[in-house]
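Dear colleague,

Please find below the structure that I am handing over to you. My notes on what was found in it follow directly after.

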Amino acid sequence: MPIYLDSAATTRVCQEAAQAAYEAMTEGFGNPSSGYAVGQQAAARMKACRETVADSLGCLPEELTFLSCGTEGDNWAIRAAVEYGKRRGKHIITTAIEHAAVLEPIKALERQGYEVTYLKPDRKGHISLDELTAALRPDTVLVSMMLVNNELGTILPVAQAAQAIRDSGAPALLHCDAVQGFLKVPFTPGELGVDLLTISGHKVRAPKGIGAQYIRKGLELKPLLLGGGQERGLRSGTEPTAQIAALAAACAAWRAEDREKLAHTKAYTLDRLRRVPGLEVVSSGDAPHICAIALPGYPSEMLVRDLSDRGICVSSGSACHKGKPSHVFAALGLPKRTLMGVLRVSFSPENRQEDGDALAECLTEITKNRIAMR
Ligand code: PLP
């Protein structure tokens, strides 16, 4: 079994979630819209699942809409928010370090005539609230700010952004991509003061193919998909009951102690990694499960391959970038040698200290071999 240190890319489905999905696909296979008992039982189970997920997120069940993934939620939130504010203005604020699932739909709006302010991070990946406050305008209709950056593990000032929007009087809705923050850092949408918030199942030990959108009660948005009227008419399509059951089970299986466990494993691993010759910690991350390191002069793609040959999985940045230096690390203004040698290391509660030892030992060995080859 490889040592998996890339849980920000995806996670192994936990036993509880796999079992719940199996049961929903076999015994509980009914269509929740069917009027007979098999269908109504599926509808009742789905209702219970929605309550469980809402409980984990800290919102009302009716504020949650199930959808297929984080990308779908981010795209919908952004399009629906600008549609909502279309008579009030055409200015959007986001950060330069958002995931492509946020940046790409915003770039598409920019091509359609929206003006976009991209808030830049400092060298450590933090976003300044002063810059946000200065950027807010009477025609700002959307602010989209992630909770936890997927490559650096930094936490962004979402609650403070909500306050700044209120203070400014701008008509902006606030969307938060909480795909990496959900369960890993404590928050509720109410505490953050967001209007829209997106989560994804496969980052929290549920399968791929399920996510959810929080839509603040009272906010009326245009539906994502028209059809049979499922999900209160907002996202038609027969509900993926197995994935929903699995997401609820994964939420129920998550323990508050898991956060401490993650933080402990990450701190231990960083301590070990700091002793690898030449290694730089690019971001130790505020969130308990993500950090970024670099071996300047060693291309990340090569490191990923060499580590994979030794049975260790880490990422050369977001799994979505495939070979190109990531826009997130580029935004930090890192020197090129560091930028090209960046690795993201991310943890799940299953990881143990020994995994950190193995990573540090392999990287030390790689650097020694490289010196010997020169
Ligand atoms: N937003 C963030 C911060 C992510 O890390 C990811 C996935 O890596 C996404 C959105 C997209 O989520 P999904 O893979 O569920 O589409």
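Ala330 counts as partly exposed, because its relative accessibility is 43%; buried means under 20% relative accessible area, exposed means over 50%, and partly exposed lies in between (1.4 Å probe, protein chains only). Ala330 belongs to helix α11, residues 327-331. Helices (H or I, at least four residues) and strands (E, at least two) are DSSP runs, numbered from the N terminus. Between the C-alpha atoms of Ala330 and Met340, which are ten residues apart along the chain, the separation is 9.6 Å.

Before you read further, please note that this is a predicted model, in which local features need pLDDT of at least 70 and side-chain atom pairs count only at pLDDT 80 or more, while totals for chains, interfaces and linings use all residues. Residues are numbered from 1 along each chain as its sequence is written, and side-chain values use heavy atoms, with hydrogens and water left out.

The ligand comes next. It is surrounded by 13 residues, and the closest are Gly70, Thr71, Asp177, Ser200 and Lys203; a residue is near a molecule if one of its heavy atoms lies within 4 Å of it. Helix α3 (residues 70-84) supplies the largest share of this shell, three residues. Sorted by class, the shell holds three nonpolar, seven polar and three charged residues. Here Ala, Val, Leu, Ile, Met, Phe, Trp, Tyr, Cys and Pro count as nonpolar, Asp, Glu, Lys and Arg as charged, and the others, Gly among them, as polar.

Polar contacts are pairs of N or O atoms within 3.5 Å; within protein, one must be able to donate a hydrogen and the other to accept it, and residues adjacent in sequence count only if both atoms are side-chain atoms. For Thr71, a side-chain N or O atom is 2.6 Å from an oxygen atom of the ligand. A polar side-chain atom of His202 lies 2.9 Å from a ligand oxygen atom. For Lys203, the distance from a side-chain N or O atom to an oxygen atom of the ligand is 2.6 Å. Taken alone, the ligand exposes 390 Å², and the protein buries 91% of that. Such accessible areas come from the Shrake-Rupley method with a 1.4 Å probe; for residues, only the protein chains shown count as cover.

Leu183, in the loop between β6 (173-177) and α7 (189-192), has a phi near 70 degrees, a positive value in a residue other than glycine. Leu183 counts as buried because its relative accessible area is 6%. Glu231, in the loop between β8 (211-215) and α8 (241-253), has a positive phi near 50 degrees. Glu231 is buried too, at 7% relative accessibility.

Lastly, what joins charged side chains here? Side chains of opposite charge can pair when their charged atoms come close. A salt bridge is a side-chain nitrogen of Lys or Arg within 4 Å of a carboxyl oxygen of Asp or Glu, and by this rule there are 17 salt bridges. One of them pairs Glu350 with Arg12, with the closest N and O atoms 3.1 Å apart. This pair links distant parts of the chain, 338 residues apart. Glu104 and Lys107 also form a salt bridge, at 3.1 Å between the closest N and O atoms; both lie in helix α4 (residues 100-111), three residues apart, about one turn of the helix.
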